[in-house]
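Welcome, and thank you for opening your viewer. This tour tells you what to select at each stop and what you will find there.

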Amino acid sequence: MYESANLLLFLRIILIFAAMIGTVYKSTGSWYLVKTEEGKAYECRIKGKFRLKGIKSTNPIAVGDKVNFTLETDNNTETGIIDKIFDRKNYIIRKSVNLSKQTHIIASNIDQVFLLITIDNPPTFPNFIDRFLVTAEAYSIPCVLTFNKIDTYTEIERRAEVMYLKDIYEKIGYECIEISAKENKNIEAIKQRMKGTVSMFAGHSGVGKSTLVNAIAPELNLKTKEISDQHKQGQHTTTFAEMFDLEFGAKIIDTPGIKGFGIVDMEKEELDNYFPEFLALKNNCKFNNCIHIEEPYCAIKDAVDDGEIAWSRYKSYVQIIENEENNYRVDEFKDD
Ligand SMILES: Nc1nc2c(ncn2[C@@H]2O[C@H](COP(=O)(O)OP(=O)(O)OP(=O)(O)O)[C@@H](O)[C@H]2O)c(=O)[nH]1
Ligand SMILES: [Zn+2]
């Protein structure tokens, strides 16, 4: 009896000092919900200050971060103390609009984002798609172009528009999937793609993001509705990103209230790096600092003339460069 009590005490001490590894599922700024691989969730706090390489942010830890923590037991309540963040493979940010221009990390370690696209109701224009893709490329987040509401594209013109867009983006190497979230068409393809990964859904308001979430994970329905209801009633002025485990073995990051994808500051000379089909050809331009606008012997412009690069892609590229000259940034794909 005495021995087993000793053993228990010993095990408990080991537990206290054992470093644990987990993923941040929720971050409120003052505490974090961290889950281990075994699926056990702990409320954690940060001890000391974290200094992160490269970014100054208002939040040191974000949803998606992989962290090291140790457990402290106080009055039978276990609290995790986070003491290390593992390097992020990517992250998305929001800059606060106030003068301090501080950065807030929305989420990190995202495996893929599904950009929902509709031809109409609401229309998604190529320029919006291209801006989104540029940002995703700059963040190193693979993007799956997800054409939703295919049940409504019965007219030949609408079908042709989908085919036209798919053709452009598949040729570049982007994966395209056609779905109907409402009628459950091809939802299995989305689930297969999501299995074992961390995903996000993005797109204009009304493209069907919530409908898609409901189609793939009806169990989440209540939770997201609760959050959005709270949001509407204005009980919370801030909403927080949150990661959810889905029953079919996938994770999804929900970012209520966040329409955009963060801001990427870039020089116009580097923009062509984020158009993969431009990047593949740019070494053939005569001038190595060619930005493919007015320079002679430009491989990109030649490829546009030959139809090898889609005209709409080049148009988006030029528009982004022109906006940049007017001090806009590549984040202008908000709904409102
Ligand atoms: N016909 C058709 N309607 C759809 C489909 N998917 C969604 N809808 C409808 O489109 C409307 C908007 O869908 P939501 O899921 O609320 O769109 P959302 O992207 O979440 O919109 P926000 O919450 O404003 O960002 C709803 O009336 C849906 O029923 C679809 O595949 N086919
Ligand atoms: Zn060029």
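This is a predicted model: local features need pLDDT of at least 70, side-chain atom pairs count only at pLDDT 80 or more; totals for chains, interfaces and linings use all residues.

Residues are numbered from 1 along each chain as its sequence is written, while chains are lettered from A and ligands numbered from 1 in the order in which they are written.

**The whole chain**

Zoom out and colour by secondary structure. The protein chain has 9 helices and 13 strands; these are DSSP runs numbered from the N terminus, with helices being H or I of at least four residues and strands E of at least two. Of its 336 residues, 30% count as buried. A residue is buried if 20 or more other C-beta atoms, placed from the backbone, lie within 10 Å of its own, exposed if 12 or fewer, and partly exposed in between. Among contacts in the chain with a separation of 6 or more, 66% are between residues 24 or more positions apart.

Select residues 20-27, which are strand 1, then residues 32-36 and 41-46, which are strands 2 and 3. Strand 1 pairs with strand 2 in the antiparallel sense over 5 bridges, where two strands pair if DSSP finds at least two bridges between them. Thr-23 stands opposite Lys-35 of strand 2. The hairpin of these two strands has 4 residues between them, and Gly-29 there takes a positive phi near 100 degrees.

Move along to strand 2 and strand 3, which pair in the antiparallel sense over 4 bridges. Look for Val-34 with its bridge partner Tyr-42, and for Lys-35 opposite Ala-41. This hairpin has 4 residues between its strands, and Gly-39 in the turn has a positive phi of about 95 degrees.

Ile-46 has Ile-82 as its bridge partner.

Which residues have the most contacts inside the largest nonpolar core? Select Ala-62, Ala-107, Val-113, Leu-115, Leu-116 and Ile-253, in a core of 68 residues. Such a core is a set of buried Ala, Val, Leu, Ile, Met, Phe, Trp, Tyr and Cys residues joined through C-beta atoms within 7 Å.

Next, show residues 209-216, helix 5, where Lys-209, Leu-212, Val-213 and Ile-216 are buried. They cover an arc of only 100 degrees around the axis, which puts them on the same side of helix 5; the arc is that of the directions from the helix axis to the C-beta atoms.

**The ligand**

Select ligand 1. It is surrounded by 14 residues, the closest being Lys-182, Ser-205, Gly-208, Ser-210 and Thr-211; a residue counts here if its C-beta atom, placed from the backbone, lies within 6 Å. The shell divides into 2 nonpolar, 8 polar and 4 charged residues. In this scheme, Ala, Val, Leu, Ile, Met, Phe, Trp, Tyr, Cys and Pro count as nonpolar, Asp, Glu, Lys and Arg as charged, and the others, Gly among them, as polar.

**Backbone stops**

Most residues other than glycine have a negative phi, and most peptide bonds are trans. Go to Asn-109, in the loop between strand 7 and strand 8, where phi is near 50 degrees. Asn-109 is buried, with 22 other C-beta atoms within 10 Å. Lys-149, in the loop between strand 9 and helix 3, has a positive phi of about 65 degrees. Finally, select Asn-121 and Pro-122, which are joined by a cis peptide bond with omega about -10 degrees. Pro-122 is found in the loop between strand 8 and helix 2.

Methods:
Two residues are in contact if their C-beta atoms, placed from the backbone, lie within 7 Å.
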